[in-house]
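Hello,

Here is the structure I promised to hand over to you. Please have a look at it first, and then read on for my notes.

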Amino acid sequence: MTRTGRPIKKLELSEEQRRELNARLALRKAPADEKLRIQIVLSCADGEGGKEIAKRLDTTAQTVSRWRRRYESYGLAGLTDAPRSGRPRTVLDEHVQAVIDRVRNSKPTDATHWSVRTMSKATGVSASTVQRIWHAFGLKPHRLETFKFSTDPNFVDKVRDVVGLYLAPPDRALVLCVDEKSQIQALDRTQPSLPLTFGKAETRTHDYKRHGTTSLFAALDVATGKVIGQLKRRHRSVEFLQFLNTIDASVPADLDIHLIMDNYGTHKTEKVRAWFASRPRYHLHFTPTSASWLNLVERFFSQISEKWIKRSAHSSVADLEQSIRHYLDIHNTNPKPFVWRKSADSILEAIARAGKVIN
């Protein structure tokens, strides 16, 4: 007669408990060991045997039994690791607070900002501990960022107008961010660069030869990320009008066009105004003064500078222009739009908070 052994006892779970476990299991960034424990509990609730669970999940029957018991005793909290004793703390809360207060509210006598070593010497805390404290609280005294408040009297209205186009673009219309990246220098190094190799970064000479400049006129399609680009040696209203004609020839004739631009003088000359007046399907949206960051084409200019122009060498302006056209072709074969996520209210609230801090 065959022995059947002890019958399997299902782990009883309520619907709420099962939903909670499945929700934790679905989290992308949940720890792998926690997901394993949840799978064990759910399998026990489905009536699967301990050996079968262990084999399927590549663990041991003892592990299955342990986490089943932990869940029965403590619920979801029982699936986390218990705190371990470890070495007692040597840095007290007062020491941490002293480092934070000192880096935020004072400066060393011989420098404009604190370094890890000067702070360690001033507070008596080890340099590695200072570094951990700064990292934990997001303090970076070596970094300095710039800002400027717009003085545009219509700042609020313009922010809402431009951000509204990003977050809720109109139907049957194109939204284009237009601007020019002027004075792009054709720089060539005085000697050939040395390539990247094992244990050594790519190197190049610190000096260079100037061969002239060019300007990139660009219109970024907010929806697709495609860029209409044109290179000009100068950036007057004449060149801007030529670029507007290029845009007009490149976009569908049956759509309204919303152009987001800054307040540069060449965008508002009499001839430019006449050009727009004769084409009523074009709608202009100006960014506030000193707020070029609202124009998404600036993000594209940053990308082409960092990825293409900054580390390249060009023997002439024509060589530089050919290189930029090549990059535009590559970009437009697989464009990706820049996604705007900040609402107008969140931008205005952040600026108001910064203004309070300064005042």
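One definition before we start: a residue is called buried when its relative accessible area is under 20%, exposed when it is over 50%, and partly exposed in between (1.4 Å probe, protein chains only). This is a predicted model, in which local features need pLDDT of at least 70 and side-chain atom pairs count only at pLDDT 80 or more, while totals for chains, interfaces and linings use all residues. Residues are numbered from 1 along each chain as its sequence is written, and side-chain values use heavy atoms, with hydrogens and water left out.

Let's begin with two loop residues. Asp58 is exposed because its relative accessible area is 72%. Asp58 sits in the loop between helix H3 (50–56) and helix H4 (61–74); helices (H or I, at least four residues) and strands (E, at least two) are DSSP runs, numbered from the N terminus. Its phi is near 60 degrees, a positive value in a residue other than glycine. Most residues other than glycine have a negative phi. Ser290 also has a phi near 60 degrees, and this residue is in the loop between E5 and H11. With 32% relative accessibility, Ser290 counts as partly exposed.

Now for the overall layout. The domain assignment gives domain 1 (15–79), domain 2 (93–137) and domain 3 (155–356); such bounds come from an automatic or database domain assignment. Between the C-alpha centres of domain 1 and domain 3 there are 53 Å. An unreviewed UniProt entry places the feature "domain: Tc1-like transposase DDE" at residues 175–320. UniProt positions are given in the numbering used here, feature names are shortened, and annotations may be inferred rather than shown by experiment. Over residues 175–320 the chain is 27% helix and 32% strand.

Next, the interior. A nonpolar core is a set of buried Ala, Val, Leu, Ile, Met, Phe, Trp, Tyr and Cys residues joined through side-chain atoms within 4.5 Å. The largest one has 35 residues, and those touching the most other members are Val159, Tyr166, Cys177, Leu216, Leu296, Phe300 and Ile324. Among the elements that give two or more residues to this core are helix H8 (155–167), strand E2 (208–221) and helix H12 (317–333). H8 gives the most, with 6 residues. A second, separate core of 21 residues includes Phe217, Ala219, Phe240 and Val272.

How accessible is Cys177? Cys177 counts as buried because its relative accessibility is 0%. Its contacts (heavy atoms within 4.5 Å) include Tyr166, Ile260 and Leu296. Cys44 is buried too, at 3% relative accessibility. The structure holds 0 disulfides, a disulfide being a pair of cysteine sulfur atoms within 2.5 Å.

Asp179, in strand E1 (residues 173–189), is buried, with a relative accessible area of 5%. Among the residues that Asp179 touches are Asp262, His267 and Glu298. Arg281 lies in the loop between helix H10 (270–277) and strand E5 (282–286), and it is buried because its relative accessible area is 17%. Which backbone oxygen does the side chain of Arg281 reach at 2.8 Å? That oxygen belongs to Pro252. The backbone oxygen of Leu255 lies 2.6 Å from a polar atom of the Arg281 side chain.

Happy exploring!

Technical notes: A polar contact is a pair of N or O atoms within 3.5 Å; within protein, one must be able to donate a hydrogen and the other to accept it, and residues adjacent in sequence count only if both atoms are side-chain atoms. Lists of a residue's contacts leave out its neighbours within four places in sequence.
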